[in-house]
Amino acid sequence: MAKKMPITYELKYKYMKGMLTTLFKGFIYAIREKYGAEAALEIYERVNEMDDRIKNMTNTLKEVFKLEGNNGETFAQWWEVFWEITEMEYIIPERSKTFTRFEVLKCPWTTEPKDISVWCFLSLVGKIAKTINPQATLERPKAMCAGDPHCEYIFKLEE
């Protein structure tokens with residue numbers, strides 16, 4: 001048996017993260033190219049709905065990091081964990097139990113074609129917000145995928 005090559009966990013993580021980002025973009029771009037933007041978004045949405053992928057991911061991070069509650073603070077804490085895992089740059093200029101606004105400044109998932117720019121808002125961030133609190137509303141006034149310098153998300157709960 002050959003001796004195992006020592007590879008650090010940091011290198012393994014960076015490789016896997018980069019591979020997943022490239023793979024995701026490759027699939028969504030290829031589907032868009034062959035079938036159009038609407039089909040690419042529909043297939044992406046379908047994949048996320050299968051086996052409650054986004055809901056399970058959201059609840060897993062809540063459980064592992066012991067995030068309690070279902071308000072704006074919990075939403076902000078959840079994203080802080082996710083951004084640290086994915087090494088994204090962000091700021092949270094406003095946060096409370098009923099209102100959280102955050103900005104993503106650097107994102108490895110940014111897509112180039114503007115006609116698929118809603119992929120993150122509709123399926124990912126929206127499902128995370130609804131998993132944390134089904135009564136939440138979410139807005140995205142700015143999006144890097146749509147050509148803005150950063151993404152801006154606003155999570156609201158009515159009192």
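Predicted model: local features only at pLDDT ≥ 70, side-chain atom pairs only at ≥ 80, totals over all residues.

Student: How many helices and strands does the protein chain have?

Tutor: The protein chain holds five helices and four strands. Their order along the sequence is α-α-α-α-β-β-α-β-β. The C-alpha trace spans about 65 × 40 × 35 Å along its principal axes.

Student: How are two packed helices described?

Tutor: Two numbers are used: the angle between the axes of the helices and the distance between those axes. Take α1 and α2 in this model: their axes come within 7 Å and cross at roughly 140°. That angle makes α1 oblique to α2. In handedness, the crossing of α1 past α2 is right-handed.

Student: Which residues make that contact between α1 and α2?

Tutor: From α1 they are Phe24, Ile28, Ile31, Arg32 and Tyr35, and from α2 they are Ala37, Ala39, Ala40, Ile43 and Tyr44. Sorted by class, this contact of α1 with α2 has nine nonpolar residues, no polar ones and one charged.

Student: At what angle do the axes of α2 and α5 cross?

Tutor: Helix α2 covers residues 37–49 and helix α5 covers residues 119–132; their axes come within 10 Å and cross at roughly 15°. Angles under 35 degrees count as roughly parallel. The two helices α2 and α5 are therefore roughly parallel to each other. Their crossing is right-handed.

Student: Which residues of α2 and α5 meet?

Tutor: On the α2 side are Leu41, Tyr44, Glu45, Asn48 and Glu49, which meet Trp119, Ser123, Leu124 and Lys127 of α5. By class, the contact of α2 with α5 has four nonpolar, two polar and three charged residues.

Student: And how do α4 and α5 cross?

Tutor: The axes of α4 and α5 come within 10 Å, with a crossing angle of roughly 130°. That makes α4 oblique to α5. The crossing is right-handed. Thr74, Phe75, Trp78 and Trp79 of α4 meet Val125, Ile128, Ala129 and Ile132 of α5. This contact of α4 with α5 divides into seven nonpolar residues, one polar and no charged.

Student: Which element supplies the largest share of the lining of the largest pocket?

Tutor: Helix α1 does, with nine residues. Elements that each supply at least two residues include α3 (53–64), α4 (72–86), β2 (99–106) and β4 (151–156). By class, the lining of the largest pocket has 30 nonpolar, two polar and two charged residues.

Student: What is the volume of the largest cavity?

Tutor: The volume of the largest cavity is about 40 Å³, and the structure holds one cavity of 30 Å³ or more. Residues lining the largest cavity include Cys107, Trp109, Cys120, Arg140, Cys145 and Cys151. The elements giving two or more residues to this lining are α5 and β4. The lining of the largest cavity has seven nonpolar residues, one polar and one charged.

Terms used
Residues numbered from 1 in each chain as written. Heavy atoms only, no water. Axes fitted to C-alpha atoms, helices over the stretch in contact; angles between N-to-C directions. Parallel < 35°, antiparallel > 145°, perpendicular 65-115°, else oblique. Left-handed = near helix turned anticlockwise from the far one by under 90°. Contact = heavy atoms within 4.5 Å. Nonpolar A, V, L, I, M, F, W, Y, C, P; charged D, E, K, R; others polar. 1 Å grid on protein atoms, 1.4 Å probe; cavity = no way out; pocket = protein on both sides within 12 Å on 5 of 7 lines; lining within 4 Å. Points joined across faces, edges and corners; volume = space filled by probe spheres on them.
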